[in-house]
Amino acid sequence: MAESSAQGVTLSFDVLFSNLDYRCVQNSVESLTGNTFSLLTADSRQCREGAVFVAIVGNAGNGHEFVEKAAKNGAALIVVQDDQAVANVTCPVISVKDTRHVYSVLAANWYCNPAKSLRLIGVTGTNGKTTVTYLLEDVLRQFGKTVGVIGTVDYRWTDRHGEIHRLEAKRTTPDALELQSLLRQMVDDGVEYLAMEVSSHALDQHRIGDLRFQVGAFTNLSHDHLDYHQTIEAYWQAKSKLFAEHLADEGSAVITLPLAGEKMTRMWAEKMLSFCRKQPNPVIACGIDEATEIFLQGYSFDLNRSELELLINRRQITLHSPLVGRFNIENLLTTLGVTEALGLPTDKVIDALSRAAGAPGRLQRVKQPQGLEEHIPQVFVDYAHTPDALEKVLQTLKELPHRDLYCVFGCGGDRDISKRPVMGKIAVDYADIAVATSDNPRTEDPERILEHVFHGMVQAGAEIHPPDWLLERTVGTKGSIMIEGRREAIRLAVSCAGHGDIVLIAGKGHEKYQLVGDKTFFFDDYLEAQDAMISWNSYHLSRALNKDVEGEVRAWLSGHIETDSRKVAVGDVFVALKGDNFDGHNFVAQAEAQGAALAVISDRDKIPVDSIIPRIVVDDTLEALGALAAYRRAAARRLKAIPVVAVTGSCGKTTVKEMCASIFEVNWPVSTYVPAERVLKTKGNFNNLIGLPLSLLPLSVKHDAAILEMGMNRKNEIARLAAIADPDISCITNVHAAHLEELHDIYGVAAAKKELFENTGKDKLLIINVDDDMLAPCLAEYPQRSLTFGMSVDAQKLDVSAAEIEIGIDGNVGFTLLVRGEQSRVNLQVAGRHNVVNALAAAAIGCGAQIPFAKIVAGLEKFCPVDKRMKTETLASGLLILNDCYNANPASMAAGIDALASMRSPHKVAILGDMLELGATSEKAHFAIGKKLADDGVDFVALYGEFVKNVLQGALQAGMNEACIRVFRDKMEIASWVSELLDQGRLIKGDWLLLKGSRGMKMETVLDAMKESN
C-alpha cells in the first residue's frame, strides 16, 4: 500500500505492478513480493536507494543506455524492454513489452489511480482544444462543480474552498508521472471534473497511460506537427487513439465537422466521425449537416458577438456568445456536444455559454485606451501558428466590417519548415498588409525562417516593401513587409493602422515568453499591442502638445523622447530644452544627423535653414516635455490601473522612494514569465521639471506601479510636477529648513511641499507624518483619504508606527513595525534612527497600495541604501564609514549626527561640509550643528567650507575641546589627519566616521582619499 513519508510515497511491488504483464530477469517474482520502493523515475540521475528506474525508449534518447548508471546510483529495481541492456546489472530487473506504456501505468499506480475519482473529458485536435477546455471549465463552474484543467496555457484547478491553483504548463499534456501527480492533487482538493487537452504527442508516447474518458472530443485536424509525425495520416492515427483506446465503457465521442475551410480538413473530420461510428461508444456529431446531433441551422457574427441558431434534441435554440468567428462557433458546438454527453441541462448550458469568455490569446480583442478608440485600430491576438488556424482567423476577420486588415505573424524555429511558405501565402492572400516577423526562433537563425516565409509570400504575388513604406502607402494599397524583431513589427503595424482597420497578431496568443537561442525571455503580444497603441506617433504627439506636426514624417518614431542630442538614436523625438547655460536648439542639426525623426522646438530662427526634420513648434519646450509625460501617464491609465506614488519632503525622500520600490518589487517580483521591470521609479536625482518627466515617460502597461520623487527649489514647482504625475498616493516625508534662499523660512518650505497634497486628486490617498508639526494639521486641512505614520503619537491612533527600536552591533537599526493591528520585527540594512521613520513612510505607502503586510516587511528588510545615503563601508584600516554625503540640511545633518552618536564604538568622528542654500539662516543653522556635535559627544570633528567658524563657535560654546576640532582649507588634507589619528592610537579599528555635506561640497572625494591612505 502507499504510505505518506517525509520523502514522498512508498509503494509495495505487488501494488505497483498490479494489472501489468512482465517477466522477471535475474530474480524471481517471489523475491520481489513485499519489497517497497520510495521513488519512481525515468531519469537515472535521480536514482537513489529504493528507486524504480524505467528505461524508456524516446525520440531524443534511449533510457537503456543509462541502466548501469541507475544501478550505480542505488536503483532497487530496473524496468526494461531490452534484456541485453542489463547484462552487467546485478539488481532486480523486470522486462516488459513497452516501457513507455508501463511507465504511465506505474505512474497511475504510484499515485493510487486518482483518475478513478474524476469525470474525465479529453479534447484533441489541431486547433480549438484550449478554447473548448476554457468554455467547459466556465460552464461547469457555473453549475457549481469543482473543475480542473490540463492544457496549453497552464494546469489549474479550483479546490473545494474556491481557491484557484495554477501551475506553469511546460507542455500541453504533461509527462506521465507529472500528470498523475496533478490528478492526485486535484482529487485531494475535491475536484470532480477534469477537462484535458490531449495532444497527439501524448497519445503516441503513451503519456496518458490507461486513462479512460467519460467524453472524448475531436475539434479538427490540419497541417501541424509533421516534423514529429512525418505524415498527416500518422498524425490522424495518433488522434484516433483517444477514441479507440481511451474512452470509458460508458463514454461518448463528440466529433465536430468544420463549417468551412479546406476539403482536407473536412475529410479528416469525416474520417474520424466514420471511425468513431464503428466503435461501440455513442457518438455526438456537431455541424451544419442535418444528420448531426448538434445541428447548426444558421449563424452570424460581428466584431462583438456571435449568434447561433441550433437544433438540439429536436428543439430550436438560440445561443448568443461574446466569442466571434467561424472557428469559435465550431468551438461552441464542440462544447455543447460535450455537455450533452455529460447529461447537463441544455437550457442552463446555453445560459452559461452566453457569458463564457473563452481562452486568452484565442481571437482575443486587445483593450483600447478609453477615449482614443476613434483614432486607433481594432487589434486581436490569436494563437494561430498553423496554416489552418491562420487561415481560419483571417477568414473570420476578413468578413467583419473594416478598412484594411493587417496580419503580423511568424513561424517557430526548430519546427516543421514545410508550413512556413504556406503560412506566408495565406497571410498575403487574406491580409491587406502582411507583416512577417519572428515567433519563437529557438536555436534557428530568424533570417532563415523568414526566408522560408518569404517564398510563400512571393508565390502569392506579394510585393515586399521596406518598413517605411507603411508611412507612405494609401488606404487600400496591398503590400508586405518583413521585420525580424517581433516587438518592432507589432509596434509599427498597430501604430500605422488607424480607426476602422483591424490588426491581427498571430502565433503566440496566450504565451508570455519568446524562445531565442537557448534562452527564454518575457514577451506578451497583448501587452506589446497595448503599448503600441500609445506609442508616440504624429497623432499622439499632436494631441499631447495641442499642436500640429510641421513637415512630412518620413521615418518611424522609436517611441523614445530624448533631450540630450548626444544620446539621440534613430527614430527618437528630440526635445530642444533651453536653460540658463544651454540651448538645445543649437543641437537640432546634430540630433537630425543621428537619426532623430522629429523635433519639438520653440525657436524657429535657431533651426538650420537646410534642416528638413519634421517639427512641432511650442511656446515652451520645458512645458512641452511635461505635457508629453502627462499624456503618457494618462494614456497608460486608460489601459491599466497603474498606481503612481509621489514622494517629496525636506529629508529622506530618496530613501523612502527606494524603500517603497523594494516593497513593490517584493510584491511584484520578476521572472521569465513576467516583465523584466514591473516597478518604474525615479533614477538618480531625476526629480525636477526635467528629470521627473524623463522618469515618467517610459511608463508602460508592463509596469505594475510607479514611484516618483519630487524635488523643488521654489514655489509652484511641486504643483507643476504633481500635475504631470497625477499621483494616486502622495507622501510628504517631513518639512525642515531647506532652500531658504528662495522660500525664506520653514513656513515657505511647508507651503511649497504641501503643493503635492493640494494637487492630488480628491479620490486619492495622502500619507501623513503626524510627528511633523507642519504636516500633522494636514489631516484636517485636506479632504482626501489618508494614512498616518509616526513614532511620537500613541500607536493605537496611527495606521503605521514603530516600537522597540534598537541599534545593532553593525550599526544597522531594527524595530517592531505595527501596521493596523499587525506587527513584525524588521531589521533594516541601514544605519540611523531616522531611517525608521523613512521605513514607516514606505510601509504606509505599501499599505495604501494594498500590499500584504508580510511583503511590506520583506521589502523593508531587502532594502539596501543607495550610494552616499547612510551607506556603511569599511576601510582597510578597520575604520567604519557612514557615507551620507549626498546632500545636507539642518534636519538631515542632525539625523546623521544622531546616527553617529548611536554607534557602538570607542570613538566617533564627524567629517562635515557646509549646508548650502540656507540664505540668511546659514550662520545660525551651522552654529546649532556645532552645538549638537558637542552635546552628542562626538570625539573628533573635521570641518570644511565657508561656515566652519559658525560650527566651531557652536561646538566650543557647548564645551567641546578645541583640540578635537580641525578646520581645513583643503578637504583632501582630511584623509591625512585621519591617518595621523590612527597612527597616534587616538582612533582604532571599529571606530565610526560620518561624512556629510551638501551636494556642492562633494565630500565623497574625502572618502576616496581615505581609501587610498587607509
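This is a predicted model: local features need pLDDT of at least 70, side-chain atom pairs count only at pLDDT 80 or more; totals for chains, interfaces and linings use all residues.
Residues are numbered from 1 along each chain as its sequence is written. Local features need pLDDT of at least 70, side-chain atom pairs count only at pLDDT 80 or more, and totals for chains, interfaces and linings use all residues, while side-chain values use heavy atoms, with hydrogens and water left out.

Two packed helices are described by the angle between their axes and the distance between the axes. Helix 22 (residues 653-667) packs against helix 29 (residues 834-848) at about 45°, and their axes lie 8 Å apart. Helix 22 is therefore oblique to helix 29. Here, helices are DSSP runs of H or I with at least four residues and strands are runs of E with at least two, numbered from the N terminus; axes are lines fitted to C-alpha atoms, for helices over the stretch in contact, and angles run from 0 to 180 degrees between N-to-C directions. Angles under 35 degrees count as roughly parallel, over 145 as roughly antiparallel, 65 to 115 as roughly perpendicular and the rest as oblique. Helix 22 contributes Thr655, Val656, Met659, Cys660, Ile663 and Phe664 to the contact (heavy atoms within 4.5 Å), and their partners in helix 29 include Asn835, Asn838, Ala839 and Ile845.

Elsewhere, helix 17 (residues 486-496) is mostly covered, with eight of its 11 residues buried. Among them are Arg486, Ile490, Arg491 and Leu492. Buried means under 20% relative accessible area, exposed over 50%, and partly exposed in between (1.4 Å probe, protein chains only). Gln530, in helix 18 (residues 525-533), counts as buried because its relative accessibility is 4%. Beyond its neighbours within four places in sequence, Gln530 touches Val366, Lys367, Leu639 and Val701.

Turning to the cysteines, the whole structure contains zero disulfides (pairs of cysteine sulfur atoms within 2.5 Å). For Cys276, the closest cysteine sulfur belongs to Cys286 and is 12 Å away, so it is too far for a bond. Cys276 is buried, at 2% relative accessibility. Cys847 is likewise in no disulfide, and the nearest cysteine sulfur, in Cys660, is 12 Å away. Cys847 has a relative accessible area of 15% and is therefore buried.

Finally, the backbone deserves a glance. Most residues other than glycine have a negative phi. Arg314 has a positive phi, near 65°, and sits in the loop between strand 18 (306-312) and strand 19 (315-321). With a relative accessible area of 83%, Arg314 is exposed. Glu917, with a positive phi of about 60°, lies in the loop between strand 44 (908-913) and helix 32 (922-935), and is partly exposed at 37% relative accessibility.
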